[in-house]
Amino acid sequence: MIVSDAIAALTLPPECRVDQRVPKKLLVENGAPTAVDKRQINEGIEELLWLAVLKPTTIGVPEYRDAVREYLEIAVLWLTSRPSANERRLVELIHRAIPYPVVLFIQQSDRGALSLAHKRWSQGEAGRMVLDDAVTSCELIQHPTALAFLESLSLAAQPRSHLMALYEGWINSLHAFHAARITGRFVLPADSEASVVRREALAAHDHLTREIAVLRAQAERESQVNRRVDLNLEIKRLQASLAKAIEKL
């Protein structure tokens with residue numbers, strides 16, 4: 001799977017297209033709180049394209065407003081980053097800099113990824129939108145369930161009650177593809193409750209997988225038999241928890 005495949009899978013109407021280059025200066029001024037971040041933007045970005053803007057007038061999906069946030073439009077961007085870039089930080093900076101929820105495609109050499117992040121009003125600075133939670137990212141890889149994932153990205157397949165529901169639908173697709181790479185099955189959540197359960201299970205899976213890898217490395221280096229036995233017992237305990245997390249995916 002390549003980035004252009006995922007972009008095409010959105011099936012956006014021509015009226016949405018913008019196809020303009022985003023100046024690095026704009027990102028530096030709006031999303032780089034430190035000198036290191038400014039350098040990351042200037043040196044890490046090869047090109048950032050503003051592909052499309054999704055508004056009620058261009059896609060027929062109503063805007064969303066409440067006391068916490070407003071979704072008046074959704075920006076679709078394509079980042080080409082340089083090999084030296086700290087991609088995770090760079091992606092976060094772009095989401096922070098754009099004052100609207102962003103569908104961000106990322107390309108670095110032959111790798112591709114897609115990221116989204118909900119936004120809300122800042123509690124400390126009036127009129128400013130900030131990230132509501134961690135950025136949700138998923139690598140665009142070849143996988144038996146990739147076709148089902150791409151089909152789920154289509155604008156026509158997403159909720160259309162309002163722009164926030166549409167954006168949440170794409171996040172659910174990312175989580176479903178992440179889960180599919182573990183379970184081998186691509187299944188979208190039936191409702192919001194199922195979505196929350198899956199996200200918690202994915203977080204637990206990632207955490208437990210890292211913990212198990214650390215303990216296995218420690219066990220291999222451990223020379224004392226009793227200590228190695230204790231580490232292996234802890235690994236088995238974590239593996240049982242990992243199996244339960246997988247069941248919830």
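**View 1. Trp78 lies in strand E5.** The model shown is predicted. With a relative accessibility of 21%, Trp78 is classed as partly exposed, because buried residues are those under 20%. Beyond its neighbours within four places in sequence, Trp78 is in contact with Val3, Ile7, Glu47, Leu48, Leu49, Leu51, Phe105 and Gln107.

**View 2. Six strands form an open sheet with mixed pairing.** The strand order is E1-E2-E5-E6-E7-E10. Strand E1 (17-21) and strand E10 (136-139) are the edges, each pairing on one side only. From one strand to the next, the twist averages 20 degrees.

**View 3. Strands E6 and E7 run antiparallel.** Strand E6 covers residues 102-108 and strand E7 residues 111-116, and five bridges join them. Gln107 has Gly112 in E7 as its bridge partner. Gln107 is also one of the residues in contact with Trp78.

**View 4. Helix H5 packs on the sheet.** The helix spans residues 87-97 and touches strand E2 (45-54), strand E5 (74-81), E6 and E7. The direction of H5 makes about 150 degrees with that of E6.

**View 5. Cys16 and Cys138 are both buried.** The relative accessible area of Cys16 is 0%, and Cys138 has a relative accessibility of 5%. Both count as buried because their values fall under 20%. The structure holds zero disulfides.

Note on methods:
Residues numbered from 1 in each chain as written. Predicted model: local features only at pLDDT ≥ 70, side-chain atom pairs only at ≥ 80, totals over all residues. Heavy atoms only, no water. Pairing = 2+ DSSP bridges. Helix = DSSP H or I, 4+ residues; strand = E, 2+ residues; numbered from the N terminus. Axes fitted to C-alpha atoms, helices over the stretch in contact; angles between N-to-C directions. Contact = heavy atoms within 4.5 Å. Disulfide = S-S within 2.5 Å. Buried < 20%, exposed > 50% of the residue type's maximum accessible area, 1.4 Å probe, protein only.
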